Amino acid sequence: MRLPWVMSVLGATVMAAVSCTAPPTPPAVVASTPAPPPSPSPRRQAEPRVREKVTDVYAHDRPGMLSPKVRDLTPRVYVPNSESNTVDVIDPRTYRVVHRYRVGMLPQHVVPSWDLKTLWVNENKGNRLTPIDPVTGRPGKPVPVDDPYNLYFTPDGSYAVVMAERNNRLDFRDPDTMRLIRSLELPCRGVNHGDFTADGSVFLASCEFSGQLVVIDWKRPRVLKVIGVGSANMPQDVKLSPDGRLFYVADMMAGGVWIIDAATLRRVGFLRTGRGAHGLYVSRDSQLLYVSNRGEGSVSVVSFADRKVVDRWQIPGGGSPDMGGVSADGKQLWLSGRYHGVVYVFSTVTGELLHKIKVGRGPHGLCVYPQPGRYSLGHTGIFR
């Protein structure tokens with residue numbers, strides 16, 4: 001049952017919690033052997049990152065806080081269809097597909113660049129990244145890149161970080177040309193999602209095929225630590241809490257989110273959300289975390305303040321909500337329907353499913369663009 005006081009986007013307090021019982025105890029944390037430090041990373045002259053006391057890492061993601069670089073862009077939603085090898089472009093005002101572009105094999109995610117000027121289509125089996133100009137909404141010339149399952153950018157903009165999932169490594173590339181600079185082999189299998197600490201120094205990444213998280217000092221780069229969450233589990237999306245103190249990690253097999261202390265990098269809890277917990281998205285007021293439960297066709301709403309599920313939005317007739325993003329005004333949550341060839345649009349005010357839009361086969365990491373923020377850390381839209 002939906003509670004009226006949860007319906008407001010601008011803040012909520014919690015009434016009741018779902019079960020916080022974790023799955024069976026996973027293997028202990030194992031430390032990895034650091035790799036020798038490589039040469040210093042290249043430096044970017046534009047827009048240096050300013051060190052400041054953290055009160056809310058998403059403080060620049062509020063409605064209306066669009067960067068001048070994207071303020072005049074026509075809003076669009078870009079949907080990579082993994083099984084159709086296409087990208088569908090949706091007009092969010094009419095909820096209609098207005099363009100369809102053929103791309104390389106197995107497009108997984110559409111990722112905003114650090115400087116907000118380019119959207120990159122990650123073509124996993126096509127071994128290339130295809131740039132999309134968000135001004136025209138049209139794709140450009142593809143760039144050869146090995147195994148780009150997902151893509152992130154370091155907080156200072158010095159590197160693009162390709163999550164080479166089948167190769168079990170991170171590839172550090174020039175963020176403009178995508179030229180390979182160095183690679184980091186990982187002691188885990190299936191690296192796919194991640195996020196950075198509030199000070200930007202550490203990257204926490206999930207490895208879904210070995211049930212592990214890896215802690216990366218990306219400046220050297222080297223593996224600092226490996227955190228086990230159970231070999232039978234499959235950690236997915238990663239999000240830092242607004243206060244920078246905790247990481248939330250969705251786990252598709254565990255049916256919820258692991259809670260990791262961002263200072264000690266140890267597991268401190270588990271919150272059950274639903275079968276197939278997959279994608280994590282922060283509300284525009286930094287109060288709530290939306291968790292897409294792909295296995296049960298629902299979205300769980302988690303209160304950051306109380307670390308509890310306060311609402312659940314069910315897709316009528318079932319569905320497979322996967323990856324996506326929150327609209328620029330914060331009033332809608334857009335998610336791909338991975339196994340149903342559709343895109344879901346939820347009201348974040350009522351939790352109602354507003355629209356179901358037919359797209360290609362196997363839609364995955366869709367990107368709502370533009371979104372508020374000064375720069376992009378990657379995936380389908382992690383902005384600071």
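This is a predicted model: local features need pLDDT of at least 70, side-chain atom pairs count only at pLDDT 80 or more; totals for chains, interfaces and linings use all residues.
**Cavity**

A count of cavities of 30 Å³ or more gives one. The largest cavity has a volume of about 180 Å³. Its lining is made up of 16 residues, and those closest to the cavity centre are D61, V282, R284, Q371 and G381.

Two strands, β21 (277-282) and β25 (321-326), each contribute at least two residues to the lining of the largest cavity. The largest share of that lining comes from β25, which supplies three residues.

| Class of lining residue | Number in the largest cavity |
|---|---|
| Nonpolar | six residues |
| Polar | six residues |

**Cysteines**

How many disulfides does a search of the whole structure find? The search finds one. This disulfide joins C188 to C207, with an S to S distance of 2.1 Å. The pair links distant parts of the chain, and its two cysteines are 19 residues apart. C188 sits in the loop between β12 (180-185) and β13 (191-196), while C207 belongs to strand β14 (residues 202-207). Both C188 and C207 are buried.

Is C367 buried or exposed? C367 counts as buried because its relative accessibility is 0%, and the cut-off for buried is under 20% relative accessible area.

Terms used. Residues are numbered from 1 along each chain as its sequence is written. Side-chain values use heavy atoms; hydrogens and water are left out. On a 1 Å grid over the protein atoms alone, a cavity is a set of points where a 1.4 Å probe fits but cannot get out, and a pocket is an open set with protein on both sides within 12 Å along at least five of seven lines; lining residues have an atom within 4 Å of a point. Grid points are joined across faces, edges and corners, and a volume is the space filled by probe spheres set on the points. Helices (H or I, at least four residues) and strands (E, at least two) are DSSP runs, numbered from the N terminus. Ala, Val, Leu, Ile, Met, Phe, Trp, Tyr, Cys and Pro count as nonpolar, Asp, Glu, Lys and Arg as charged, and the others, Gly among them, as polar. A disulfide is a pair of cysteine sulfur atoms within 2.5 Å. Buried means under 20% relative accessible area, exposed over 50%, partly exposed in between (1.4 Å probe, protein chains only).
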